[in-house]
Amino acid sequence: MINLQESDAPLAELNIKLPQGFSEKAEEIYQVVTKINETHNLTRITSLEDFKIRHLIDSISSIGYYPELATDAIKILDLGCGGGFPCIPLAAYNPKLDITGLDSEGMKVKCVAQAAKELGLDNLKTIHARGRELAIKEEHKASYDLVTARAVATADKLIKECRQFLKPKGRILLYKTPDAIKKEDKLTQREAKKYKFDIELSPIFTLPNDAGERQFIVFHSQR
Ligand SMILES: C[S@@+](CC[C@H](N)C(=O)[O-])C[C@H]1O[C@@H](n2cnc3c(N)ncnc32)[C@H](O)[C@@H]1O
């Protein structure tokens with residue numbers, strides 16, 4: 001049984017409150033995703049404790065930094081959603097979020113769509129496409145408040161790929177490690193300046209069980 005609690009690091013550190021019934025939902029996510037994984041090889045993270053920390057807690061940790069995610073009706077594109085992270089836990093956390101999981105691998109989006117159906121997540125849909133192809137389509141251009149991406153590409157590439165999806169004053173929120181942010185800094189600064197984004201960095205936090213340090217980099221569109 002996944003025992004997700006507010007006292008779990010870094011949920012406590014980030015002051016993230018768990019909605020009623022979320023621990024049970026987290027258990028359901030674990031069951032559904034690992035069942036689909038048996039035949040589709042979506043994730044190598046399958047032990048209960050690792051899944052809890054590296055998928056569930058990591059995915060919702062952005063709420064500590066961006067509290068509107070817990071309460072508001074935000075339209076989100078999760079670019080490179082893979083097996084459904086962070087989009088599945090975020091959709092389960094706040095039913096008002098309207099999330100689209102996008103991936104260039106058709107099998108992965110099919111699995112995420114199946115998981116969303118089994119979990120009753122009506123606020124999560126999926127699209128099979130590459131980011132840059134979808135971004136130029138009329139119905140997706142300038143349509144999202146927020147683009148998220150975890151473990152997809154370097155920040156400079158993601159600025160280019162995600163910027164056209166954003167509504168005016170939209171944001172891109174990347175799940176990163178502090179080391180990656182430092183390493184990518186020069187190119188990130190260049191692309192952010194070129195496409196007129198302000199950069200904001202979250203505090204660094206540490207995931208338990210040697211899962212490493214995390215930091216968010218957020219790009220705020222000036223337009
Ligand atoms: C390492 S996986 C990460 C998956 C998930 N975000 C996670 O953290 O578990 C990267 C995913 O991004 C997808 N991807 C990479 N570039 C992409 C692009 N330009 N457009 C859509 N999907 C992309 C890949 O197919 C892959 O599923």
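Visitor: How many helices and strands does the chain have?

Guide: The model, which is predicted, has ten helices and eight strands in its chain.

Visitor: What does the radius of gyration say about the chain?

Guide: A compact globule of 223 residues would have a radius of gyration near 17 Å, and the chain, with 16 Å, agrees with this. Along its principal axes, the C-alpha trace spans about 50 × 35 × 30 Å. Buried residues account for 41% of the 223 residues.

Visitor: Which residues of the largest nonpolar core touch the most other members?

Guide: The general idea comes first. In soluble globular proteins, nonpolar side chains tend to be buried together. Here the largest nonpolar core has 57 residues, and I88, A91, V147 and L174 touch the most other members. Helix α5 (residues 87–93) supplies the largest share of this core, six residues. As for L174, its contacts, leaving aside neighbours within four places in sequence, are A149, A155, L158, F216 and I217.

Visitor: Which other backbone angles deserve attention?

Guide: Most residues other than glycine have a negative phi, and most peptide bonds are trans. K169, not a glycine, has a positive phi of about 65°; this residue lies in strand β5 (residues 166–176). K169 counts as exposed because it has 10 C-beta neighbours inside 10 Å. N209 has a positive phi near 55° and is found in the loop between β7 (205–207) and β8.

Visitor: Where are P10 and P86 found?

Guide: P10 is in the segment before α1 (22–40), and the peptide bond from A9 to P10 is cis, with omega near -5°. P86 is in the loop between β1 (75–79) and α5; a cis peptide bond, with omega about 10°, joins F85 and P86.

Visitor: How many residues surround the ligand?

Guide: The ligand is surrounded by 18 residues, of which the closest are G80, G82, S104, G131 and R150. The shell divides into seven nonpolar, five polar and six charged residues.

Note on methods
Residues numbered from 1 in each chain as written. Predicted model: local features only at pLDDT ≥ 70, side-chain atom pairs only at ≥ 80, totals over all residues. Near = placed C-beta within 6 Å. Nonpolar A, V, L, I, M, F, W, Y, C, P; charged D, E, K, R; others polar. Helix = DSSP H or I, 4+ residues; strand = E, 2+ residues; numbered from the N terminus. Rg over C-alpha atoms; globule rule 2.2 N^0.38 Å. Buried ≥ 20, exposed ≤ 12 C-beta atoms within 10 Å, placed from the backbone. Core = buried A, V, L, I, M, F, W, Y, C linked by C-beta atoms within 7 Å. Contact = placed C-beta atoms within 7 Å.
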